[in-house]
Amino acid sequence: MAKIQFKDIVLPDGSNAKEAQVTAQLLDIADDARENVKGTMYRPCTVKFDNNGTPVTTGAIMYEANFQYGVSKGSHYLATISKRAGADRPSIQLSHLEQSVGLSDDMFDYSTEDVSAEADLSKA
């Protein structure tokens with residue numbers, strides 16, 4: 001499993017943060033949306049993801065606009081972990097973008113067959 005890599009970002013309000021993206025499984029999501037202090041609707045949810053080899057189950061949010069695309073419990077989605085400078089703890093925002101899970105080279109046979117053949121041009 002790949003190690004979670006954080007990058008430094010500057011948020012629209014000019015503050016600094018660290019951010020990383022992971023694939024997270026949606027375990028549960030609230031039936032009703034809530035409104036944050038900025039008036040944006042969101043739904044609390046529970047997600048599970050791999051933290052450098054350790055499975056983590058934790059709370060997250062999904063914005064209502066993402067929820068409206070349609071999501072399914074048990075499916076895997078792109079999640080963004082953010083840690084604002086000065087914040088007490090990180091937050092996780094789940095998107096509606098489905099992600100594949102656990103792909104590795106040992107799942108595929110990359111060998112190829114030689115399918116080259118002489119073209120019959122006599123009928124051209």
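What share of the 124 residues of the chain count as buried? The share is 24%, where buried means under 20% relative accessible area, exposed means over 50%, and partly exposed lies in between (1.4 Å probe, protein chains only). The structure is a predicted model, in which local features need pLDDT of at least 70 and side-chain atom pairs count only at pLDDT 80 or more, while totals for chains, interfaces and linings use all residues. Residues are numbered from 1 along each chain as its sequence is written, and side-chain values use heavy atoms, with hydrogens and water left out.

**Overall architecture**

- The chain has 1 helix and 7 strands; helices (H or I, at least four residues) and strands (E, at least two) are DSSP runs, numbered from the N terminus.
- Read from the N terminus on, the order of the elements is β-β-β-β-β-α-β-β.
- Residues 24 or more positions apart supply 45% of the contacts in the chain with a separation of 6 or more, a contact being heavy atoms within 4.5 Å.
- The accessible surface of the chain comes to about 9200 Å², and 48% of this surface belongs to carbon and sulfur atoms; accessible areas come from the Shrake-Rupley method with a 1.4 Å probe, and for residues only the protein chains shown count as cover.

**The largest pocket**

- The volume of the largest pocket is about 920 Å³.
- On a 1 Å grid over the protein atoms alone, a pocket is an open set of points with protein on both sides within 12 Å along at least five of seven lines, whereas a cavity is a set of points where a 1.4 Å probe fits but cannot get out; lining residues have an atom within 4 Å of a point.
- Grid points are joined across faces, edges and corners, and a volume is the space filled by probe spheres set on the points.
- The largest pocket is lined by 24 residues, of which Ile61, Tyr63, Ser82, Arg84 and Ser91 are the closest to its centre.
- Strand E5 (54–63), strand E6 (76–84) and strand E7 (91–98) are the elements that give two or more residues to this lining, and E5 gives the most, with 5 residues.
- The lining has 11 nonpolar, 8 polar and 5 charged residues; Ala, Val, Leu, Ile, Met, Phe, Trp, Tyr, Cys and Pro count as nonpolar, Asp, Glu, Lys and Arg as charged, and the others, Gly among them, as polar.

**Salt bridges**

- The whole structure contains 4 salt bridges, each a side-chain nitrogen of Lys or Arg within 4 Å of a carboxyl oxygen of Asp or Glu.
- Arg84 and Asp13 form one of them (3.4 Å, N to O).
- This pair links Arg84 in strand E6 with Asp13 in the loop between strand E1 (7–10) and E2, 71 residues apart.
- Arg84 is partly exposed at 40% relative accessibility, whereas Asp13 is exposed at 55%.
- Asp28 and Lys73 form another (3.0 Å, N to O).
- Glu64 is buried at 15% relative accessibility, and Arg43 is buried at 8%.

**Surroundings of Asn16**

- Asn16 is found in strand E2 (residues 16–29) and is partly exposed at 46% relative accessibility.
- Not counting residues up to four places away in sequence, Asn16 touches Ile9, Val10, Arg84 and Ala85.
- The C-alpha atoms of Asn16 and Gly86 are separated by 9.1 Å, although these residues are 70 residues apart along the chain.
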